Amino acid sequence: MANEVVFGHQRLRRAHYAIAAVFCVHGAVTGSFATRIPWIQDHASVGAGQLGLALAFPALGASVAMPLAGRVSHRFGARNALRGLIVLWTLSLTLPSFAPNVLALCAALFVFGAAAGMSDVAMNALGVETENRLDRSIMSGLHGMWSVGALIGSAGGTLAAHLGSDARLHHALAALTLTLLGLVACQGVLDLRSAPDEAPPPRFALPPRSALVIGAIGFCAVFAEGASMDWSAVYLRDEMDTSAGLAAASTTAFALTMAVARLAGDRIVDRFGPVRTVRVGGVLATAGGLLVVFASHPAVAMTGFAFIGLGVAVVVPLAFAAAGRSGPNPSQAIAGVATITYTSGLIAPSAIGAVADATSLVVSFGLVTALAFGLVVGAGVLRSAGRDSVKSGIPDAVVERLP
């Protein structure tokens with residue numbers, strides 16, 4: 001019996017490391033793509049407005065495809081589904097750089113986003129189940145590994161751009177490397193399979209009510225994150241009259257703050273629980289928003305952005321975890337929360353710009369501050385029945401196959 005317990009812990013630890021590596025690979029694809037957007041824009045000969053339109057298509061593709069992830073996992077098993085979806089995601093990195101015009105670019109980015117969304121749902125569902133079996137928080141760290149992967153992919157893309165390499169060659173090599181790494185990582189994840197008599201989830205279904213409530217918290221956090229990531233440099237330059245270098249450094253510092261906070265977040269969640277963690281995070285983010293709005297010096301504004309990053313960093317991982325425990329169909333609930341958060345990330349930059357055009361960036365970040373306070377008010381929706389009693393919402397009729 002003791003040997004079986006030790007073996008079980010070893011398998012779970014291996015599964016934890018494996019799903020963390022999958023998150024890192026997923027983030028690296030995003031980082032590799034983002035750094036070569038200027039090259040892709042030039043190659044496709046699109047203007048700023050057309051590029052903005054094209055960049056909406058990944059979110060559209062993700063929103064359409066994410067509900068299908070649960071059905072794929074039901075049909076092929078969690079490990080095989082994740083393996084196939086990660087390969088689809090890594091290989092889709094090559095598509096945008098080959099697009100010769102705006103229509104082809106929109107189509108490529110739609111497929112790119114669909115692959116991103118489906119693999120995102122599959123890996124988060126497995127992350128929630130791994131967290132439950134370990135009986136300790138790991139979701140914040142997993143999303144931290146995604147941020148680490150994005151930074152690694154960005155570094156590689158920055159180097160490739162500095163060397164003047166063709167993005168088609170860069171992305172082909174990156175896709176091949178990340179595909180191999182993703183396949184290796186997927187070997188160690190939990191292999192969950194539905195019972196033969198279990199009905200498959202619907203191809204498309206509205207998110208359950210629980211996912212809508214939890215997704216509202218994710219919406220607030222992602223809106224604040226997206227607004228700060230995309231507009232912090234502009235805010236420093238236009239409102240604080242800083243140099244371009246200092247303004248750009250504020251964005252990099254914000255991204256690093258998010259990554260570090262997520263990597264350290266699991267220990268905080270285990271000690272204080274998700275509700276208290278998000279509530280305190282909401283206080284930090286609200287304070288950060290107030291510092292930005294009332295800043296009279298660049299250092300104060302940069303401190304405010306850092307507080308926003310610290311405050312919202314762990315909210316989305318905890319929202320996914322809560323969704324996975326909120327009912328009998330975790331993939332559907334996670335897909336619902338993911339759709340809401342993707343939508344928030346899509347509309348946040350344009351909403352901030354629209355409010356700024358009508359009033360000012362200061363007023364825009366007043367809106368961010370109000371949404372950050374929503375985390376304080378709504379944190380209670382992340383309260384769950386506990387891992388032992390709910391087991392992440394995976395149905396009881398599930399068979400786990402040994403590696």
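Which residues does L93 touch, not counting residues up to four places away in sequence? The contacts of L93 (contact means heavy atoms within 4.5 Å) are V29, S32, F33, F112, H171, A174 and A175. The structure is a predicted model, in which local features need pLDDT of at least 70, side-chain atom pairs count only at pLDDT 80 or more, and totals for chains, interfaces and linings use all residues. Residues are numbered from 1 along each chain as its sequence is written, and side-chain values use heavy atoms, with hydrogens and water left out.

The protein chain holds 17 helices and 2 strands. Helices (H or I, at least four residues) and strands (E, at least two) are DSSP runs, numbered from the N terminus. Of the 403 residues in the chain, 51% are buried. Buried means under 20% relative accessible area, exposed over 50%, and partly exposed in between (1.4 Å probe, protein chains only). Among contacts between residues at least 6 apart in sequence, 86% join residues at least 24 apart.

L93 sits in the loop between α6 (78–91) and α7. Its relative accessible area is 0%, so L93 counts as buried.

The largest nonpolar core has 109 residues. Such a core is a set of buried Ala, Val, Leu, Ile, Met, Phe, Trp, Tyr and Cys residues joined through side-chain atoms within 4.5 Å. I19, V22, L82 and F365 touch the most other members. Helix α7 (residues 102–134) gives the most to this core, with 15 residues. Beyond its neighbours within four places in sequence, L82 contacts I19, V22, S119, A122, M123, L126, C186 and V189. C186 has a relative accessible area of 1% and is therefore buried.

C220 is also a buried residue, with a relative accessible area of 11%. A search of the whole structure finds 0 disulfides. The criterion is a pair of cysteine sulfur atoms within 2.5 Å.

Helix α14 (residues 315–324) is mostly covered, with 10 of its 10 residues buried. Among them are V315, P317, L318, F320 and G324.

The largest pocket has about 1800 Å³ of space. A cavity is a set of points where a 1.4 Å probe fits but cannot get out, whereas a pocket is an open set with protein on both sides within 12 Å along at least five of seven lines. Lining residues have an atom within 4 Å of a point. Grid points are joined across faces, edges and corners, and the volume is the space filled by probe spheres set on the points. The lining comprises 43 residues, with T30, W146, M229, D230 and G345 nearest the pocket centre. It divides into 26 nonpolar, 13 polar and 4 charged residues. Here Ala, Val, Leu, Ile, Met, Phe, Trp, Tyr, Cys and Pro count as nonpolar, Asp, Glu, Lys and Arg as charged, and the others, Gly among them, as polar.

Most residues other than glycine have a negative phi. D135 lies in the loop between α7 and α8 (139–162) and is partly exposed, with a relative accessible area of 44%. D241 lies in the loop between α10 (209–239) and α11 (244–272). With a relative accessible area of 68%, D241 is exposed.

Conventions
On a 1 Å grid over the protein atoms alone, a cavity is a set of points where a 1.4 Å probe fits but cannot get out, and a pocket is an open set with protein on both sides within 12 Å along at least five of seven lines; lining residues have an atom within 4 Å of a point.
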